[in-house]
Amino acid sequence: MPSDRGSIPHLVHVFPSFSVGGQQIRFVTLANARADAYRHTVLAMDRNLACRDLLDPAVDCRSVPLNAPKTRGLSLDNLLRFRRMLARLHPDLLVTYNWGTVEWGLANRWRPLCPHLHFEDGFGPDEANGRQLRRRVLFRRLALTGPTRVVVPSQTLRRIALDVWRLAPSRVSYIPNGIDCDRFARLPDSAAAARLDLQADEFVIGTIGALRPEKNFGRLIRAVAALSSRHRIRLVMVGGGPERQALEAVARDCAIADRVLFAGPIDRPEGVIGLFDLFALSSDTEQMPYTVLEAMAAGLPIVATDVGDIKSMVAAENQPLIVRRDDEEQYVQALEDLLLNPDLRRQIGTANRQRARSTFDQKAMIATYDELFSGMIGAGPSAALRSAA
């Protein structure tokens with residue numbers, strides 16, 4: 001039975017950051033869909049709580065300030081701090097996200113205070129290109145056992161969890177992401193279109209994502225530059241992040257600063273994604289990006305680097321346009337193939353929309369997570385103690 005006050009289970013979520021991103025949007029989707037089923041407490045290691053603005057007012061969710069100094073190695077003080085906070089918050093389930101919160105699993109590892117669910121969604125630039133840092137591998141092996149269950153959204157991550165981290169298969173669950181397909185099938189927002197000031201004779205290549213090093217948007221800018229002398233193109237980049245100034249410099253160096261629009265963060269991507277003629281992703285590392293699912297639901301063809309599960313996500317007709325990560329010439333050719341062939345764009349876009357609806361609709365994801373949460377909460381800390389023994 002739930003261990004906190006009342007009869008509604010209490011989930012404590014620890015994020016490296018609660019800024020707007022894929023894992024945060026998934027939490028918002030689940031919380032909004034089951035507002036009557038759970039109470040939530042959100043902690044952000046960097047104190048950024050921007051994504052809470054997307055929560056439905058009906059969701060019982062509070063945020064708690066977290067004062068945990070960032071350290072280069074394992075911090076005993078932080079482990080004790082985290083354990084005291086768990087004892088005070090008294091959750092029915094601890095939910096952590098990605099490498100930046102793995103210490104919480106260790107804090108709850110021996111004599112667990114509650115069951116623990118850990119989401120691993122992908123890696124930053126230090127573990128891109130298939131690298132796995134040995135010290136992190138060993139730490140994950142230690143922290144993500146015992147009362148912990150690990151959820152991954154891609155088969156690539158599942159193989160890493162089993163083969164590299166050596167987690168027990170019974171403790172690793174593959175649950176693909178899902179989205180509200182109807183939301184992204186709508187017509188674009190007229191106000192957003194006016195704000196972007198796109199011209200009717202421009203071919204619009206669009207992308208959405210945080211401007212971080214591992215996204216390698218410089219690769220996309222260079223590809224657009226290679227095409228701009230032959231075609232009238234506009235590249236629309238939706239998202240903010242630390243790489244913006246560097247990417248603006250890349251656009252200037254490629255002499256296409258007037259062809260690249262940095263639109264900044266947009267809370268409602270469904271309002272702009274329909275303005276794109278194709279969706280492009282140029283990352284060095286991904287697993288199962290929400291933006292690809294959103295573009296599929298919007299009926300767009302996709303050009304992307306072959307990382308994570310992207311090739312298996314898109315429709316079969318789109319798979320030849322998912323190219324080797326380091327082959328920029330092939331990437332440029334994929335963009336141009338779509339640019340020159342509107343019938344191919346429509347054919348692939350239709351196939352992607354159908355695949356998104358049949359395979360990645362959020363209703364199935366919500367039901368799967370609801371069952372997982374209920375099962376772990378029902379097991380209680382006593383079961384967690386037995387599994388840690």
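This is a predicted model: local features need pLDDT of at least 70, side-chain atom pairs count only at pLDDT 80 or more; totals for chains, interfaces and linings use all residues.
Residues are numbered from 1 along each chain as its sequence is written, and side-chain values use heavy atoms, with hydrogens and water left out.

Figure 1. Helices (H or I, at least four residues) and strands (E, at least two) are DSSP runs, numbered from the N terminus.

**Figure 2. Helix α8 (residues 217–228) meets helix α12 (residues 328–339).** These two pack at an angle of about 60 degrees, and their axes are 9 Å apart. That makes α8 oblique to α12. The crossing is right-handed. On the α8 side, Arg 219, Leu 220, Arg 222, Ala 223, Ala 226 and Leu 227 make the contact, and α12 brings Glu 328, Tyr 331, Val 332, Leu 335 and Glu 336. Sorted by type, the contact residues come out as seven nonpolar, no polar and four charged. As for the terms, axes are lines fitted to C-alpha atoms, for helices over the stretch in contact, and angles run from 0 to 180 degrees between N-to-C directions. Angles under 35 degrees count as roughly parallel, over 145 as roughly antiparallel, 65 to 115 as roughly perpendicular and the rest as oblique. A crossing is right-handed if the near helix is turned clockwise from the far one by less than a right angle, and left-handed if anticlockwise. Ala, Val, Leu, Ile, Met, Phe, Trp, Tyr, Cys and Pro count as nonpolar, Asp, Glu, Lys and Arg as charged, and the others, Gly among them, as polar.

**Figure 3. Helix α12 against helix α13.** The axes of α12 and α13 are 6 Å apart, and the two helices pack at an angle of about 100 degrees. They are therefore roughly perpendicular to each other. Asp 337, Leu 338 and Leu 339 of α12 touch Pro 342, Leu 344, Arg 345 and Ile 348 of α13. This set splits into five nonpolar, no polar and two charged residues.

**Figure 4. Helix α10 (residues 290–297), largely enclosed by the rest of the structure.** Why does α10 count as largely enclosed? Eight of its eight residues are buried: Tyr 290, Thr 291, Val 292, Leu 293, Glu 294, Ala 295, Met 296 and Ala 297. Just after α10, Gly 299 takes a positive phi of about 80 degrees. The axes of α10 and helix α13 (residues 342–359) come within 7 Å and cross at roughly 115 degrees. That makes α10 roughly perpendicular to α13. The contact pairs Leu 293, Met 296 and Ala 297 of α10 with Gly 349, Asn 352, Arg 353, Arg 355 and Ala 356 of α13. Here the tally is four nonpolar, two polar and two charged.

**Figure 5. Loop residues on either side of β4.** Most residues other than glycine have a negative phi. His 90, though not a glycine, has a positive phi of about 55 degrees. His 90 sits in the loop between α2 (76–89) and β4 (93–97) and, at 38% relative accessibility, counts as partly exposed. Asn 98, also not a glycine, has a positive phi of about 65 degrees. Asn 98 belongs to the loop between β4 and α3 (102–107) and is buried, with a relative accessible area of 16%.

Definitions and conventions:
Buried means under 20% relative accessible area, exposed over 50%, partly exposed in between (1.4 Å probe, protein chains only). Contact means heavy atoms within 4.5 Å.
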